[in-house]
Amino acid sequence: MLVETRSTLVSAGTERMMIEFGRASLLDKVRKQPDKVRQVIDKARTDGIGPTLEAVRSKLGAPLALGYCHAGVVVETGANSPFSVGDRVVTNGNHAEYVTVPYTLAAKIPENVGFEAAAFTPLAAIGLQGVRLAEPTLGETVVVYGLGLIGLLTVQLLRANGCRVIGIDTNSTRLALAERFGAVALNGASGDVAAQVRALTGGIGADAVLLTLSSPSDDPVHNAAEMSRKRGRIVLVGVTGLALRRDDFFKKELSFAVSCSYGPGRYDPSYEDQAIDYPVAYVRWTEQRNFEAVLQLMADGSLDPLVLVSHRFAFDDSPKAYDLIASSEPSLGVLLQYADRGGAAITPADRVRTVNPSPATASPFSVGVIGAGNFGTRILIPAIAAAKGRLRVVASGKGTSAAIAAKRLGFEQAATDTDAIFADPAVDTVVVLTRHDSHARYAIRALESGKHVFVEKPLALTESELDAVIVAAEASGMIVTAGFNRRFAPFARALRTELANRAGPAALVLTVNAGAIPRDHWVQDPAVGGGRIVGEACHFLDLARFLVGAPIVDARAVSAADRSGRAIDDIAHLTMTFADGSTAVVHYLANGHSSFPKERIEAFADGRTWQIDNWRRLNAWGGSAKGGGLFAGQDKGHRDELQALATAVRTGGPPPIPYDELFEVSRWAIRLAEAARTRTPT
């Protein structure tokens with residue numbers, strides 16, 4: 001649903017850390033992420049220094065939308081939403097005038113709770129989830145170690161739960177607030193706090209300790225263990241060093257847990273992206289239900305966040321808020337205030353913003369791009385610009401990435417509405433860079449709108465979708481193509497030339513060290529990403545088809561399985577037989593080491609052998625390697641592919657990839673993906 005913002009809260013700890021990281025030099029950023037250094041070294045060894053530096057700079061230089069404590073008014077709802085237009089809601093949206101959120105990440109604000117108080121809800125829910133993991137009972141003594149915003153909200157939650165609370169911090173103002181909320185305040189700089197806690201509990205120790213501070217030191221965990229009673233509970237809500245001392249926990253049989261943000265559902269794509277809720281009978285407290293519990297405590301008067309407000313800024317002055325939290329000036333709850341736009345629906349014109357002026361004269365290959373992710377902005381859109389394409393408009397669902405891409409890459413307009421692209425007469429080519437389940441739908445709509453379309457692979461997830469794309473292409477007469485860029489790479493073209501002169505059949509071996517991605521990643525979802533074979537291995541089916549130069553007449557898939565027999569479809573061997581008697585096998589492997597080259601293509605024919613080594617070198621044994629040699633980096637054909645599309649659009653064709661090959665490979669990819677997933681024949 002779409003929500004008009006009225007108030008947001010700056011999460012000082014998290015956002016200060018992000019601001020400091022963003023302002024740091026490249027070297028300092030690397031130093032702060034030592035776990036990433038090995039990945040960078042491995043990538044440099046396999047891909048080359050140039051591409052690696054480009055990827056690192058792009059990743060570290062990508063702006064991030066800040067904020068997750070948001071309150072506003074619903075202006076539009078999606079299908080099956082329990083909310084209505086006009087509802088006052090809390091969400092985990094960013095600092096923005098409008099946000100889009102799934103309804104599982106929103107909760108209605110009670111009538112007697114204002115927007116400013118409600119904006120504290122996500123932070124309070126983080127504390128509440130920590131409390132739930134600690135499982136305090138009436139009358140127990142709980143230590144809240146760290147009295148920032150989350151800590152002070154947690155003090156109030158524990159007092160509402162009937163607990164005796166001891167608050168520890170070094171800031172006198174925060175200690176005074178903890179006392180105001182009914183806690184016993186201990187200055188963490190005044191001696192042995194563990195001994196003081198034991199003294200306050202008659203030598204027993206605390207029943208539970210919630211670590212709500214941010215510190216690189218291991219001392220807080222050690223102190224928490226020392227102040228705990230035997231079989232006490234320690235819950236990490238904030239960030240501390242975690243070099244645990246076995247003796248601390250062994251002697252007392254202490255329990256230790258790490259709290260995950262607002263509660264169950266966090267980081268679960270089905271809950272957060274698809275709005276699939278957990279049944280209340282089995283998961284009583286989800287993210288959303290924790291939001292609701294916090295709001296009810298505010299409505300009852302048991303939780304008062306407004307006393308924690310130290311500063312208010314108009315949204316237009318938000319840079320001043322970040323200067324404040326990055327400075328040494330004392331602050332606590334920093335609120336951003338937004339203009340009341342009346343909760344009216346947004347017009348189509350509001351969804352498109354002009355960023356750069358339009359050129360005086362229009363030119364063919366005027367592009368509207370749907371999706372502004374890292375790959376598109378780093379690789380494909382610069383390739384469009386290199387082909388002298390007119391960057392007319394870029395659209396993304398939440399708008400932030402589109403606005404950033406428009407400013408950085410030179411688009412005339414940024415949008416949150418794809419309708420603007422299809423309706424814009426200045427756009428003659430639509431480029432689709434979204435999740436795979438939308439590819440066929442957008443391709444068909446572009447063709448029916450009289451526009452050419454480039455779809456970053458795959459073209460479709462099912463054969464019925466593919467059939468619909470084919471019908472639309474034939475009816476429209478417009479060009480449709482997919483991102484099978486490797487056939488356009490210089491080494492691929494050189495190898496194709498060599499193989500074209502063979503007397504007998506060719507045998508190809510394509511080894512793809514794809515690397516593992518989580519099973520719950522959207523690409524792995526058959527309904528959303530289609531799985532990795534249809535989503536990525538299709539590249540190599542097309543490359544084999546291109547190198548052989550003959551139709552695929554048969555294909556088979558053999559996939560690995562876990563011990564229960566469930567298919568692991570991203571560890572698979574895909575074999576193809578071609579009409580001229582040639583064969584190819586694609587080893588698509590997610591279980592290799594990252595330092596091994598990602599792609600290696602080997603071709604055998606007429607007593608000769610060629611090898612494309614990770615797109616950096618073309619080696620030959622018993623034959624020539626025209627166009628080969630050592631490249632400083634990699635050229636996987638992206639620029640040549642987009643140049644071919646630009647030429648086709650400007651001259652009226654033919655399409656960059658012949659339709660018989662494009663549709664043939666797409667169909668076999670769909671069939672092989674299903675065969676690998678079900679471990680059945682194609």
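Strand E7 (residues 164-169) runs parallel to strand E6 and is joined to E6 by five bridges; two strands count as paired if DSSP finds at least two bridges between them. Helices (H or I, at least four residues) and strands (E, at least two) are DSSP runs, numbered from the N terminus. This is a predicted model, in which local features need pLDDT of at least 70 and side-chain atom pairs count only at pLDDT 80 or more, while totals for chains, interfaces and linings use all residues. Residues are numbered from 1 along each chain as its sequence is written, and side-chain values use heavy atoms, with hydrogens and water left out.

- Strand E6 covers residues 141-145, and five of its five residues are buried (under 20% relative accessible area; exposed is over 50% and partly exposed in between, with a 1.4 Å probe and protein chains only).
- Thr141, Val143 and Tyr145 point one way from E6, Val142 and Val144 point the other way, and all are buried.
- Tyr145 stands opposite Ile168 of E7.
- Together with helix H7 (residues 149-160), E6 and E7 form a right-handed β-α-β unit; right-handed means that, with the strands pointing away from the viewer, the path from the first strand over the helix to the second runs clockwise.
- Strand E9 (residues 206-211) also pairs with E6 in the parallel sense, over four bridges, and Val209 in E9 is the bridge partner of Val143.

**Salt bridges across the chain**

- The structure holds 39 salt bridges, each a side-chain nitrogen of Lys or Arg within 4 Å of a carboxyl oxygen of Asp or Glu.
- In the salt bridge between Asp87 and Lys108, the closest N and O atoms are 3.8 Å apart.
- Asp87 lies in the loop between strand E2 (70-76) and strand E3 (88-91) and Lys108 in strand E5 (residues 106-108), so this pair ties together parts that are 21 residues apart in sequence.
- Asp87 is buried at 16% relative accessible area, whereas Lys108 is partly exposed at 45%.
- Glu97 and Arg341 meet in a salt bridge at 2.7 Å, N to O.
- That pair links distant parts of the chain, 244 residues apart: Glu97 is in the loop between E3 and strand E4 (98-100), and Arg341 in the loop between strand E13 (333-337) and strand E14 (352-354).
- Glu97 is partly exposed at 27% relative accessibility, and Arg341 is partly exposed at 36%.

- Glu664 and Arg545 meet in a salt bridge at 2.9 Å, N to O.
- Glu664 in helix H23 (residues 659-678) and Arg545 in helix H21 (residues 532-548) are 119 residues apart.
- Glu664 is buried at 16% relative accessible area, and Arg545 is buried at 4%.
- Salt bridges with shared partners join Arg519, Arg532, Glu536, Asp569, Asp570 and Lys598 into one network.
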